[in-house]
Amino acid sequence: MSSTTLRNWLPATVILMIGAVLPWLLQGNFQLRIAMLTWVFAIFGMGFNLLYGIAGQLSLGQQAFFAIGAYTFALLQIHFALSLPLALLGGIVVCAVVGLVIGLPVLRLRTHYLAMATLMFAMIVHDVALRWTDFTGGTSGLRVPPPSLFGARLERIDLYYLVFGLAAAAYCLQIFIKSTHLGRALEAVKTDETAASSVGIDVTRYKVSIFVVAAMFAAVAGIAYALVSRGVDPSYSGIGMVVNLLTLSVVGGLGSRIGPFIGAAIVIIAPQILAGLQEYQTLIYGVGLLVFMIFLPRGIGGSIERSAEGSFDDPKGEKSARRISRAETP
Amino acid sequence: MTTPPPLLSIREVSKRFGGLSAVDAVSFEVHSGEIVGVIGPNGAGKSTLFNLVSGLAPLTGGDVIFGGNDMTLVPPHERSAIGMTRTFQIVRLFGHLSVIENVMLGGHCRTTQGFASSLLRLPKVLIDDRKLRHLAMHWLNFVGLSKRADEPASHLPHGQQRMVEIARAMISGPKLLLLDEPAAGLNGAETTNLLNILRQLNDRGLSILLVEHDMKFIMGICDRIVVLDHGTGIAQGTPQEIRQNPAVIEAYLGKRNGDAAH
Amino acid sequence: MQTFGILILSGLTNGSVYALVGLSLAMTYGASRVINFAQGEFVMLGALSTVLFVTTFSLPMVVGIPMVLIVCATVGFLVERLAYRPLVRRGSQPLTIMIGTLACASIMTGTALLIWGPNQLFVPNAFSLEGVTIAGITSTPQQLAIIATFAFLMALIWFMLYRTTFGLTIRAVGIDPAVATLMGIRAETIIAFSFVFSAIVGGLTGGLVGPLLGGHVSMGIMLTIKGFMAVILGGMGSPFAAAAGGIAIGLLEATVAFYGNSFYAEPIIFGLILMMLIIRPTGLLGEWEANRK
């Protein structure tokens, strides 16, 4: 077994085992809900990780896809009485299409401009969610019907496994993209677009593709969030959502395979454990984000992978040299 | 006896920036199996010409015909699949990818599949990936760097990075290799090594078009030389002819000699 | 004619606010090559600390406003010293630093939430809010003060940038910090100055516009985005282009709100600016910046 395979699938196995046994270790619906939210935000984070961590394209508008996915999911069930799997698929497809339509023009922009353009797109979506009351339910949002699958009502525990299954699938997709020619090409696009195009990479196509993939990840996360919360409201597309996303991505580690899981777990669980901290949440997220960026820019996941990598395939102690040269990936 | 059509023909190629002519109606040909060098004083338009041929800058006039195809509208990323690939004056590797991953990227055009089709054909993608890794190893072996395959590319010294870049170009199976000052920044031993490698590639039938400052290098390897001055082609011929061409001596070699003589 | 006048006036008032935020963003960007996401938060801080000093501590306006500016300058200094500088020193990329300023925005909002709570607060006015009718157009002294302050600051910044040696060093740092440093200019000091100066401009804007908008802890991010829209319209190149963009957005907003549906004015403007950004990323007056890596 090569070290790369081991690096990919060892964390997968650990995550799968934790996910599978977690419901037996947790007590009550509240703890189960926290566990589900962790998986939800891990999915959201993985999409962002592919887009920014690997392909270097900073979008501050992922919360728009999170919301569009969730609203589509709710609306398809309310107005067309679609079943859960079809509504889920519908939400993903709509996000993919919107991602393509927005991505094509917007990805001609770079760096700050791309970040602000995507943020503006998200503000438009947020405004529509708030104001188009007849369609979106305005401030109070929409309720999602109780989940059922093939005629059977889903219990809390079933819902847990559904959400966890989505997260596991998202992880596999992430690993697939990262470890094949797709991931290499995206890294090349991040490093040097001119050189990438001259070795035969269609830069525009890759940027748009990964933008669409990230939009689909966000859609799945938004839908799962709506399922867990039993509804969807404009806060899904709010600025708070993108701060959550950035915080979990940076704390977990940009570009790291396991980062989104670690980041999501910390960002979701920390405010719950420290009682009465909800009021301080905005402040703490901000401080956490800044402190990690300055003192642990690789994030927790990235740092773990780095030291693990050393023991896998770096017996000659070259990892310290590598640490210096790789120190600055955004 | 009929000569086969040239592999690459540059016809009246021009590039203007605003009112300024950087390259003005330059024409020459590269035949199969040939090594052609482009020389000229600083600012003669060599690099611009190179970017025009490789598609990184759009032409403002003329045609680039490669293997019978008009290349004018072919975007840079499609050129390696057609058989034309380039290296850069300043080595442009993807620094935090490993050496072998860099070389594998050069073969991207061979396996190229979009996101959706890759997902649907997972086993094929994995097999292709393995084949590509094998092929990358072959080319790393050829340039003598197989031992460093798994190191980050940015760790290699400059001379070895140049070799990785050549391996990355060769894996796409080009008919024509475009080299932009390949010997720049190399020491004596590295230059000799580069010369050997290029000769071996040429013996296998590869055609090469290169821009170079190092006169000894270019005179030693090229079958034919094209001389540019102020954006126009002032002479072409064998190294021997170029050495004796009065216009070239005047424009390029001679000026310096003349200055020295006074 | 009268409605037209009112339209222009309200557009100018809001436009001045966007212009001041845009101008500050362009100034910080000019020196540091980073978009300061916390810029709008200084307006929030200015508005809410006016509430603190003038309403809560009952200080007179002439004492209160300078205190507000001191608070904003201090926070601006801290943002530079605790976020921007450490990130630059460890070699972070501009986008990473931008996320760092977003973290600062979050910290400022979070802290303000603890001090002032989530409700909209009435911000005391320095000038009268009583309507004054001049030539058939009704305005308030507060409104006029905003426009006057904007004009004054524009003149001040123009003088500082183009008529003083200090301004020359600021522009030099913006063009190439490394070369400027070689020439003996202390780039870090200049950048610190741009942060503090922008913070003061933000605070002043907040104190003036607070009575009209109301003070709210989450008002900042929207102002940052509006300011960035101003920068897009005008171009990153100069603070004045950005200011012109801000005025244009204010007028556009007033027009859309008046002739169209005021409810949808905001998304419509966002959409327009987004299209503008895609079609001409360098701004109407701008330099070729966006295509550079």
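In which loop of chain A is A:Gln57 found? A:Gln57 sits in the loop between helix H2 (28–54) and helix H3 (62–80) of chain A, where helices (H or I, at least four residues) and strands (E, at least two) are DSSP runs numbered from the N terminus.

Before I continue, a word on the source. This is a predicted model, in which local features need pLDDT of at least 70 and side-chain atom pairs count only at pLDDT 80 or more, while totals for chains, interfaces and linings use all residues. Residues are numbered from 1 along each chain as its sequence is written, chains are lettered from A and ligands numbered from 1 in the order in which they are written, and side-chain values use heavy atoms, with hydrogens and water left out.

Let me return to A:Gln57. With a relative accessible area of 7%, A:Gln57 is buried; buried means under 20% relative accessible area, exposed over 50%, and partly exposed in between (1.4 Å probe, protein chains only). Its side chain reaches the backbone oxygen of A:Ala55 at 3.1 Å. Leaving aside neighbours within four places in sequence, A:Gln57 is in contact (heavy atoms within 4.5 Å) with residues including A:Val189, A:Glu193 and A:Lys207.

Two of those partners pair with each other. The side chains of A:Glu193 and A:Lys207 meet in a salt bridge at 3.0 Å, N to O; a salt bridge is a side-chain nitrogen of Lys or Arg within 4 Å of a carboxyl oxygen of Asp or Glu. Because A:Glu193 lies in helix H9 and A:Lys207 in helix H10 of chain A, the pair ties together parts that are 14 residues apart in sequence. Both A:Glu193 and A:Lys207 are buried.

A:Val189 leads us to helix H8 of chain A. Ten of the eleven residues of H8(A) are buried, so this helix is largely enclosed by the rest of the structure. Among the buried ones are A:His181, A:Arg184 and A:Val189. A:Lys190 counts as buried at 12% relative accessibility, and A:Glu187 counts as buried at 15%.

Which element gives the most to the side of chain A that touches chain B? I take the elements of that side in turn. 

The contact between these chains takes 35 residues from chain A and 36 residues from chain B. The area buried between chain A and chain B, that is, the accessible area (1.4 Å probe) that two parts lose on being put together, summed over both, is about 3,000 Å², of which carbon and sulfur atoms give 66%. In chain A, A:His181, A:Arg184 and A:Val199 lose the most area to chain B, together 24% of what that side buries. Two salt bridges are found across this interface. In one of them, B:Asp129 pairs with A:Arg184, the closest N and O atoms being 3.1 Å apart. The elements that give two or more residues to this side of chain A are helix H7 (156–179), H8, helix H9 (193–198), helix H10 (203–229) and helix H15 (319–325). H8(A) gives the most, with nine residues.

I turn to the other interface of chain A. Of the two pairs of chains that touch, chains A and C have the most contacts. Here 43 residues of chain A are in contact with 52 residues of chain C. The area buried between chain A and chain C is about 4,400 Å², and carbon and sulfur atoms give 75% of it. A:His112, A:Tyr113 and A:Met120 supply 18% of the area that chain A buries against chain C, more than any other three residues. There is one salt bridge between chain A and chain C, in which the side chains of A:Arg131 and C:Glu266 meet at 3.5 Å, N to O. The elements giving two or more residues to this side of chain A include H4, helix H5 (111–131) and H8. H5(A) gives the most, with 13 residues. By contrast, no contact joins chain B and chain C, whose closest C-alpha atoms lie 15 Å apart.

Within chain C, C:Ser16 is found in helix H1 (residues 2–32). C:Ser16 counts as buried at 0% relative accessibility. Leaving aside neighbours within four places in sequence, its contacts are C:Ile146, C:Ile147, C:Phe150 and C:Ile247.

In chain B, B:Arg224 forms a salt bridge with B:Glu34, the closest N and O atoms being 2.7 Å apart. B:Arg224 lies in strand E9 (residues 224–229) and B:Glu34 in the loop between strand E2 (20–30) and strand E3 (35–39), so the pair ties together parts that are 190 residues apart in sequence. Over all chains, the count comes to 18 salt bridges.

I close with the surface of chain A. A nonpolar patch of about 820 Å² is made by residues including A:Phe80, A:Leu82 and A:Leu104. Its largest share, seven residues, comes from helix H4 (residues 84–106). A:Leu104 counts as partly exposed, at 46% relative accessibility. Such patches are made of residues with over 30% relative accessible area and no salt bridge, like charges being joined within 9 Å and nonpolar side chains (Val, Leu, Ile, Met, Phe, Trp, Tyr) within 5 Å.

How values were computed
Accessible areas come from the Shrake-Rupley method with a 1.4 Å probe; for residues, only the protein chains shown count as cover. A polar contact is a pair of N or O atoms within 3.5 Å; within protein, one must be able to donate a hydrogen and the other to accept it, and residues adjacent in sequence count only if both atoms are side-chain atoms.
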